[in-house]
Amino acid sequence: MSKITKCLNDWNATVEALGQGMQSILIRKTGTTLKEFLLYPTVSYANKDDYLDSFKPSMQDFVKENTLPKADGKAYGVKYYATVEEVFETPVSRIGKFNDYHIWTKKHVSGYFDTRNANVWLLRVYELDEPVYCTRSRGMVFANVDKEIELDYKDPIINDKDFKKLKEEILSK
C-alpha cells in the first residue's frame with residue numbers, strides 16, 4: 001500500500017465538488033508534473049463578504065454548506081485523493097467551454113489570468129476510506145501534510161465508464 005504526503009491546497013467547496021463528482025477539472029495558470037496528491041481543504045474565500053459571487057448561482061447552496069472543512073483544532077479533515085489524468089493548455093478566451101465541469105462563474109475563473117493561456121487539469125478523484133485529520137506545511141498551491149497518509153480508498157468518485165465519456169468530452173472541446 002502506498003503512502004503520500006503531497007497535497008494540493010484548494011478551497012473546501014472546490015474539494016467537496018471534486019469529491020462529489022460535481023467538478024472534474026481545475027483551471028490553473030500553470031501545469032503540473034505531479035501525478036497524484038491529496039486534496040487539502042482550505043478556507044481562504046470564506047473570509048470575503050462576497051465570496052458567493054464567485055460561484056454559479058445554481059451552486060451557491062452547495063457552497064454555503066461546504067464553506068468550511070471539518071476540523072480538529074488546527075487540523076483539517078483530508079477526505080480525497082486525486083490523480084492527474086490530463087493537463088492541457090487552452091486560450092484564456094476559450095475557458096468558457098469548460099463551464100459544465102466546474103462550480104465557478106466564468107468571470108471568476110477568467111479573473112485569475114494575466115496570461116494568454118490557461119492550463120486545464122483533468123482529475124480522477126477517490127474518497128479515502130476514512131478522513132485523516134492533519135495540518136500542512138506552507139505552500140501556495142502544493143504543500144505537504146504533517147504525516148504520511150496511506151492510500152486506502154474506495155472506488156473512484158466517477159466510475160470508469162462515465163469517466164471515459166467525460167474525458168472524451170473534455171478533450172474534444
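Predicted model: local features only at pLDDT ≥ 70, side-chain atom pairs only at ≥ 80, totals over all residues.

Student: How many residues are in the largest nonpolar core?

Tutor: Such a core is a set of buried Ala, Val, Leu, Ile, Met, Phe, Trp, Tyr and Cys residues joined through side-chain atoms within 4.5 Å. Buried means under 20% relative accessible area, exposed over 50%, and partly exposed in between, with a 1.4 Å probe and protein chains only. Ile25, Ile27, Val63, Ile103 and Ile170 have the most contacts inside the largest core, and its residues number 27.

Student: Which helices and strands each supply at least two residues of this core?

Tutor: Helices (H or I, at least four residues) and strands (E, at least two) are DSSP runs, numbered from the N terminus. The contributors are helix H1 (12-19), strand E2 (25-28), helix H2 (60-65), strand E6 (117-134) and helix H4 (160-171).

Student: Is Asp10 buried or exposed?

Tutor: Asp10 sits in strand E1 (residues 3-11). Leaving aside neighbours within four places in sequence, Asp10 is in contact with Val15, Leu26, Arg28, Tyr40, Pro41 and Thr42. Its relative accessibility is 10%, so Asp10 counts as buried.

Student: Which element gives the largest share of the lining of the largest cavity?

Tutor: On a 1 Å grid over the protein atoms alone, a cavity is a set of points where a 1.4 Å probe fits but cannot get out, and lining residues have an atom within 4 Å of a point. Among the residues lining the largest cavity are Leu123, Arg124 and Val125. The largest share, 3 residues, comes from E6.

Student: What is the radius of gyration of the protein?

Tutor: The protein has 4 helices and 8 strands. Its radius of gyration, taken over C-alpha atoms, can be set against the globule rule, 2.2 Å times the number of residues to the power 0.38. That rule gives 16 Å for 173 residues, so the protein is as compact as a globular protein of that length, with a radius of gyration of 16 Å.

Key:
Residues numbered from 1 in each chain as written. Heavy atoms only, no water. 1 Å grid on protein atoms, 1.4 Å probe; cavity = no way out; pocket = protein on both sides within 12 Å on 5 of 7 lines; lining within 4 Å. Contact = heavy atoms within 4.5 Å.
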